[in-house]
Amino acid sequence: MTFTTFIKRPVLSTVISILIVLLGFIGLVSLPIEQYPNIAPPTVAVWTSYPGADAETVKNSVVTPLEESINGVEGMDYISSTAGAGSAQLSVLFRQGMNPDMCAVNVQNRVQQAQALLPAEVTRIGVTVQKRQTSQVIMFTLTSDGRYDDEFLTNYNNINIIPAIKRIQGVGDVQSPGLKTYSMRIWLKPDVMKQYNLMPSDISAVLAEQNIEAAPGSFGQESDVAYEYAMRYTGRLKTAEEFGNIIIQSDANGQTLKLKDVAKIELGGQQYSVSMKNNNIPSVMGMVQQIAGSNANEIAKQVKAELEEQAKLFPPGMIYKINYDVTEFLYASIEEVVFTLVFTLILVFLVIYAFLQDWRSTLIPLIAVPVSLIGTFFFLNVMGFSINLLTLSALLLAIAIVVDDAVVVVEAVHAKLDQGYKSSLTASIDAMNEISGAIISITLVMASVFIPVSFIGGTTGSFYREFGVTMAVSIFISALNALTLSPALCAIFLKPHDAEGHAKKMSVIDRFHASFNTAYEKVLDKYKGQVEKLVRKPLAILASVVVGIVAMVVLMSTTKTGLVPDEDTGTLFCTVSMPPATSVERTKQVISQVDSILAADPAIQNREQIQGYNFIAGSGSDQATFIIKLKPFEERQHGFFWKLSGLSHRL
């Protein structure tokens, strides 16, 4: 096989490489940036409310009919459900590769079949079906300097911020724990209700009759009057005074019983079961969730940009904080990988120069490696992949393979020049005629190691497919580069040796090369001596191989397994569980106690080490959750994990 054309026409070889680099840059700027490949299966969430019902009633009357109807929907993997006081939520997870839109449609059809089995109150409220991912992209907190309460913050968040974020492409939902939106609270007085023989259902019936929107019609239609008059109805009541004047009973004597006589009426929150604080100040949280297949990095960017725009319209004293951002750990991880990539490139070329001892020879791999690495991004974009930790790690490992092809070409041409060739062009042509077949063979062998990874199914296959394909593509581009650009550069850059068979170099560099060669020869001689001794002892070699295999099996059986390694993202989630049926007030007291303990920690006061002291405490009736934000990779250095674990004896 001959590649003489590419050697004799270096412009053609250069144009091919430039085209690969340009396509690679196009792919590089177009590729999304993620932490890991998209491995999350499509998820469809179903939730509804059953006001006033306890968890057991919700489970029997709402969750069970929905589960029985949804179970077995096309492509479903498994279903999980949660029943709480007055609410129910189901998560339906589908197999990898299913269309999220069709999954949502199929679940919606199954929910419609179960509508007749649900309580009338649930049917009237409605059952919501929406596709989304369970992972959080961003958690933000809306808080203030203390002048606004929970209800105001929740109401502002629901009216202004959440609708704007939901319009961002790729956002599946924005959840806000706790329903503290403004609602008219009617606290019935049992003793007064008993005096008038009233029940809570009587009050509900009166509210349904009088707190309505109606269309009274108009006067003057089809008549000879000069004007027509449209009738207007008061509509839904808005103030506590209006609700208090609702008439419950009246008699023939004109005496009336109003709602304010049997109940205390005030404007408050819809629910009081959840309370949230940020740095011990009332707040409300928003959790942004993405749609399957969307770009988490792009969503995070747009959400933060939208929050910045919304912040310009905030009332005085209101601020927002980012408590969890998946991209912070992503950028920190990618920064580490990129640093390793650059350091590896520098180290590789230093080693190449030390052995080839010619800057012209070193320049050829220096040009070849970036061509292969950058060109890979174009094919990643074509295949719908992303820039993530796996693809970057694959490029990091591919450096050794990519540079090896160029080094083989340079060594082969050097060997011809050492034999006495007076023309670099002739030496390059003869060398490529000898090694081109070997380059193609080793490329196919190396690619065959990584390509089968693409055929693994399930979540594992989706996770490692990008790694294998990235390795294979970079190897193929490296082989193409070694068959075209590298020999052409050898014919241009490399010079025939002088009469003594050595190229002319500076004296200082000569001394360095002589010292390196002397030291290397000593190490090589010792290595050869050890190998010769081992060759004469085949049983010892065989025994060492067996011992190595046994050690590998033992280590594989004892090493911890997992799909994704544990990573320190710099965010701590701590849950404090109280005894069952603990009141909200008691849980709040425990939260304040934990908050004071952590706030007094000296590490939190060190702003240079910790990226903002964002401390979220959300409490229910018998459970509290804390979110503490640190820098990525700093969590265990500050010992927060152990401090939180040891708080129980102090509460």
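Let's start at a side chain: Tyr148 has a relative accessibility of 14%, so Tyr148 counts as buried (under 20% relative accessible area, with exposed being over 50% and partly exposed in between, for a 1.4 Å probe and protein chains only). Keep in mind that this is a predicted model, where local features need pLDDT of at least 70, side-chain atom pairs count only at pLDDT 80 or more, and totals for chains, interfaces and linings use all residues. Residues are numbered from 1 along each chain as its sequence is written, and side-chain values use heavy atoms, leaving out hydrogens and water.

With Phe152, Tyr156 and Phe314, Tyr148 forms one aromatic cluster. Rings of Phe, Tyr and Trp (its six-membered ring) pair if their centres lie within 6.5 Å; planes under 30 degrees apart are stacked, over 60 edge-to-face, and the rest tilted. The count by this rule is nine aromatic pairs. Tyr148 and Phe152 make a stacked one, at 4.7 Å centre to centre and 15° between the planes. Phe152 is partly exposed, at 27%.

Now turn to the sheet, where strands are DSSP runs of E with at least two residues, numbered from the N terminus, and two strands pair if DSSP finds at least two bridges between them. Four strands make an open, antiparallel sheet in the order S2-S3-S1-S4. Strands S2 (76-84) and S4 (128-131) are at the edges with a single partner strand each, so one side of each has no neighbour in the sheet. Strand S1 (residues 43-49) is joined to S4 by four bridges, and Ala45 has Gln130 in S4 as its bridge partner.
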